[in-house]
Amino acid sequence: MFIHSTLILFVTSTVLLFLYLNRIQPHYFIDEAFHIPQTLRYCAWNFTEWDPKITTLPGLYLITTAILSPFNLCNIIYIRCVNLIGTCINLYLIYNIIKENCKSNKMDRWSNWLILVSAYNITLFPPLYFWCFFYYTDVASVNTVLLMLLLHQRKHMKMSAFAGLIAVVIRQTNIIWLSFLAVEHVLDLFDYKMEQPVPPRSLNTPMHFHLIWKRMIYEFRKGLLSFIKFLLQICGSLLPYITICLMFIAFVVWNKGIVIGDRSAHVATIHVCQIFYFSAFVSLFSWPYAVLHWRTSLRFLRQHWILMSSVVALITVVIRFNTLVHPYVLADNRHYWFYVWNRLIGRYTACRYLLVPVYCASLFAMSRNISHLRFLTQINYMICVCMVLIPQLLVEPRYFILPYIFYRLNIERPRKWQICLESLTTLAVNLAQFFIFANKVFYWEDQPYAQRISW
């Protein structure tokens, strides 16, 4: 009964909000000016004309055309509806992923309630939920990556890889999350082949790497033929993932880069400060899970002050020499980061360094919240986050969505008060963002329509 009532409330409120936002913003919103006309071309069976301003592959446009074109529903409202449906799909996928994560524990009545509320919190994650009302690639990208993750959890490797292929066709950087799951599959195989059951405490420490290495040595000592057979067995089980990765490499070679269309705005760089911004971003939305570790971080600082002093010095040096800014941030006042940068971080140099303790505490809390995972899974996640964020010059909260979701899905079983406070935070931020969007209206000289503020 509770599940049905909350689902009705979620769908009804989301649809009503969708209708309201479409009434006050009936025209293209920011990048919709590229996405929607391209979809309309596809709906008209024009697959040869391409807007060079678009930098992602046409997966979203193809999916939308396949859904709407047979019913002759290709207009701005129905095109936006595709992401509205995608939000409901996100809720279903997240709920089932959390259930899979909890299978090892007995799920009583409270556990089912906790899983459901957690699923709502992640689905309503403000930077993701906002874009379900407009035609961007984020919702569809999250759909396919979550589907890939759920199929991976249920050991449907071929279907998981196929979902990964669709995810990459929607957004190229999703190849990183496909690679993440491929590595996890290898780790699962090694864990399965361990000679004897391994204590869980050994798996979430560097001892996990030692156990993997020990297993490799054991297979090698059995003989070269046996070792080759062992490697071929692993490669065989990874074949669906390897195939997609090879296809992606072929595309990059043919395209001479990952980005298609206008590459000038997406030149690869080294922007380490992205990790610091992401850590603060995570602590903002998941503070109920971080607050428990802030006091621990102070105790850790007292016990390991030399190490922490080195970390603080390193972060300070990175901020000094690697604080970069994209031209869009300086010019585009339709995004929150424009105001954060131009009124705080970019305007006052001291502000950059005053945030160092926030970055340290946030990174420490993040590491503690995933410390129950396998050690190499933690390393795998960190590497993937770095690969997604560091090459990006533009600081864009949309880029943080999938790294945040993977982090949030892997936080160890939360407490009731944490879930409740997370819900209140999520609802408050969503309320504030839609209030600002509806009421803060301004105009650009070269644009005929009203402009608004978003993520």
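Biologist: How far does helix α9 (residues 175-192) reach from its first C-alpha to its last?

Modeller: The coordinates belong to a predicted model, in which local features need pLDDT of at least 70 and side-chain atom pairs count only at pLDDT 80 or more, while totals for chains, interfaces and linings use all residues. Residues are numbered from 1 along each chain as its sequence is written, and side-chain values use heavy atoms, with hydrogens and water left out. Helices (H or I, at least four residues) and strands (E, at least two) are DSSP runs numbered from the N terminus. The expected span of a helix is 1.5 Å times one less than its number of residues. Helix α9, with 18 residues, reaches 26 Å, close to the 26 Å expected.

Biologist: Which residues does UniProt list for "transmembrane region"?

Modeller: UniProt positions are in the numbering used here, with shortened feature names, and annotations may be inferred rather than shown by experiment. The unreviewed entry lists several spans under that name, including residues 77-98, 230-253 and 305-329. In the model, residues 230-253 are 96% helix and 0% strand, with end C-alpha atoms 31 Å apart. Residues 305-329 are 84% helix and 0% strand, and their ends lie 36 Å apart.

Biologist: Which residues of α22 are buried?

Modeller: Burial is read from relative accessible area (buried under 20%, exposed over 50%, partly exposed in between; 1.4 Å probe, protein chains only). In α22, Ile401, Leu402, Pro403, Tyr404, Ile405, Phe406, Tyr407, Arg408 and Leu409 are buried. Since this is 9 of the 9 residues, the helix is largely enclosed by the rest of the structure. In α9, the buried residues include Trp177, Glu184 and His185.

Biologist: How many salt bridges does a search of the whole structure find?

Modeller: A salt bridge is a side-chain nitrogen of Lys or Arg within 4 Å of a carboxyl oxygen of Asp or Glu. The search finds 11. In one of them, the side chains of arginine 398 and aspartate 138 meet at 2.8 Å, N to O. Arginine 398 lies in the loop between α21 (375-389) and α22 (401-409) and aspartate 138 in helix α7 (residues 138-153), so the pair ties together parts 260 residues apart in sequence. Both residues are buried.

In another, arginine 408 and glutamate 422 have their closest N and O atoms 2.8 Å apart. This pair links distant parts of the chain, from helix α22 to helix α23 (residues 416-439), 14 residues apart. Arginine 408 is buried at 3% relative accessible area, and glutamate 422 is buried at 2%. Bridges with shared partners also join Asp138, Arg171, Glu396 and Arg398 into one network.

Biologist: Over the face of which residue does arginine 398 lie?

Modeller: A charge sits over a ring if NZ of Lys or CZ of Arg is within 6 Å of the ring centre and within 35 degrees of the ring normal. Arginine 398 lies over tryptophan 131, at 5.9 Å from the ring centre. Likewise, the charged end of arginine 452 sits 5.4 Å from the ring centre of phenylalanine 437.

Biologist: How many aromatic pairs does the structure hold?

Modeller: Rings of Phe, Tyr and Trp (its six-membered ring) pair if their centres lie within 6.5 Å; planes under 30 degrees apart count as stacked, over 60 as edge-to-face and the rest as tilted. There are 38 such pairs. One cluster has Trp131 and Phe437 among its members, together with Phe29, Tyr129 and others.
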